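Let's take a friendly walk through a protein model together. Have a look at the sequence and the 3D view, and then read on.

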Amino acid sequence: MHRMRDEVHYGDRVMRCYAERPAHVDALLRAAVRARPDAEALTEGETRITYAELDAAVGRIAGNLAAIGIGKGDRVALILGNRSEFVSATFAVARLGAISVPLNIRQRQPENDYVLRHSGAKAVIHEADLAAEIPDVASLPELAHRFAVGGSAAGSRPFADLQRPVAAPAPVDIAEEDTFSILYTSGTTGRPKGAMLTHLGTMHSCLHFVLGWGLGPEDVSILAVPASHVTGLVAVILPMVLAQGRTVIMPAFKARTYLELAAAERVTYTIIVPAMYNLCLLDPEFDRFDLSRWRVGAYGGAPMPEATIKTLAQKLPRMVLCNAYGATETTSPTTMMPLGQGIAHSDSVGKVVACGEVRIMDDEGREVAPGEPGEIWTAGPMVIPGYWNNPEANAANFVGGFWKSGDIGSKDADGYLKVFDRKKDMINRAGFKVYSAEVENVLSHHPEIVECAVIGRPDPVLGEKTHAFIVPKSGAVSEADIRAFCRTRMADYKIPDRITFLADALPRNANGKIQKPALREMIAAEA
């Protein structure tokens, strides 16, 4: 058994911790290199990278970053897709005690501009073809070092410069409460918040995945969700290094490609969103792929339709479907479904992770009885200490070491958690979280829009799509105009899928607040 004990961290938080754990992210990699240097760590197309080769690449990148002045606590932004360079750069930044800031490659320049300025990034490693989405040197001189991957870009040095032979950087004293990575979460106010993932929290989440689902050296996973998202980073890449297994890198999810890779690479573990399982099952040749090694089929980010669960159980009887529930603020999992319990508890997101604690609280801050609904509050070593440079958000979202999720759920006497309602006005588009306020913020700047409201509309494949209700100044504006306006200001998955133009004002209550339930009724009536 893995021994646990109570410890004090982040000043005054008492939490249950694993007594034996890697000290930090760099120690995680070094342990895997010592144990299995010649084992494959990453598979990327035809390229197979061993742990020793990965470690050598990490050492070169770290040494070259150190040579240009990147040191402990400095922020290095990563605007990279799913590729081995994301993994090696993440570990290299961690080796220096610096802080990686991964950004979603689908974000546009205004979104990137805010994050790069707010985080105070000194360097960025980016996809060459995304150079136009980064503020130029004149407008952001603090971002002094720029490196392009996969081609050349004006104003950026080639990534090969970070791979030159160089002296190893001097060892750095890394404390486990130090920040390892800042992941920006879309804010309901329209401004993203930088969640500070620490080495302590990240190591505990890795242990929760590896111990909870029995991952080991023989396991092979597919990185099919974005590496820059907490799920890709903390539920796939890092746990596989702790398990000393192998990660197969998939640049972008396509159902047929996924099935081909899963069969060819004998994949055993993955975590993807329910929409991806649905898309795989829609492939007419699904049955010809040998997926017999697929042991743990994890999912999160959205409820799994019952029909999908039944079909998967019938077609892949050896695979165990496991739900997981969490957030960036909880460094991925708050709950995980114990292996084999998914069917008996199909309406649940699992049990609280071993070192975690969940309380269901009412609006007055009082715990409710088992089975009663309330707000889900989470504590434990995996809960972030707070948001980067954002005292107001910290004061509003953390109480006594608990993070207030804004989700409504209940916990039964056996510890199984149910989630009834998501964060207010959040749209879940195939696992990508779209906050309506953020989209409304952008739309409000359109000169031809009087007012607008954005809600989610049910979609059988993606779970939800984004639907905007717009009151225009005149009939001169079109759906195409609105989408073109959005395209340069936000990630493509946030752009409204459907637009309804209203002749009259949006429905409001006596207080003047927009009544989104009335808009949802309009969608239901239309359907």
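Helices (H or I, at least four residues) and strands (E, at least two) are DSSP runs, numbered from the N terminus. With that in hand, find leucine 519, which sits in helix H13 (residues 516-526). Before going further, note that this is a predicted model, where local features need pLDDT of at least 70, side-chain atom pairs count only at pLDDT 80 or more, and totals for chains, interfaces and linings use all residues. Residues are numbered from 1 along each chain as its sequence is written, and side-chain values use heavy atoms, with hydrogens and water left out.

Is leucine 519 buried or exposed? Buried means under 20% relative accessible area, exposed means over 50%, and partly exposed is in between (1.4 Å probe, protein chains only). Leucine 519 counts as buried because its relative accessibility is 0%. Setting aside neighbours within four places in sequence, leucine 519 is in contact (heavy atoms within 4.5 Å) with Ala453, Ile455, Phe469, Leu506, Pro507 and Ile514. Take proline 507: it is 12 residues from leucine 519 along the chain, and their C-alpha atoms are separated by 7.8 Å.

Now turn to helix H1 (residues 25-35), whose buried residues are Val25, Asp26, Leu28, Leu29, Ala32 and Val33. These residues lie on the same side of H1, because they cover an arc of only 160° around the axis; the arc is that of the directions from the helix axis to the C-beta atoms. Their cover includes helix H2 (51-67), H3, strand S10 (179-185), helix H5 (199-212) and H6.

Two of those covering helices also meet each other. The axes of H3 (residues 84-95) and H6 (residues 230-243) come within 12 Å and cross at roughly 75°. Axes here are lines fitted to C-alpha atoms, for helices over the stretch in contact, and angles run from 0 to 180 degrees between N-to-C directions. Phe86, Val87, Thr90 and Phe91 of H3 make the contact with Leu233, Ile237, Leu238 and Val241 of H6.

Finally, how many disulfides does a search of the whole structure find? A disulfide is a pair of cysteine sulfur atoms within 2.5 Å, and the search finds 0. For cysteine 17, the nearest cysteine sulfur, that of cysteine 355, is 6.2 Å away. Cysteine 17 is buried at 0% relative accessibility, and cysteine 206 is buried with a relative accessible area of 0%.
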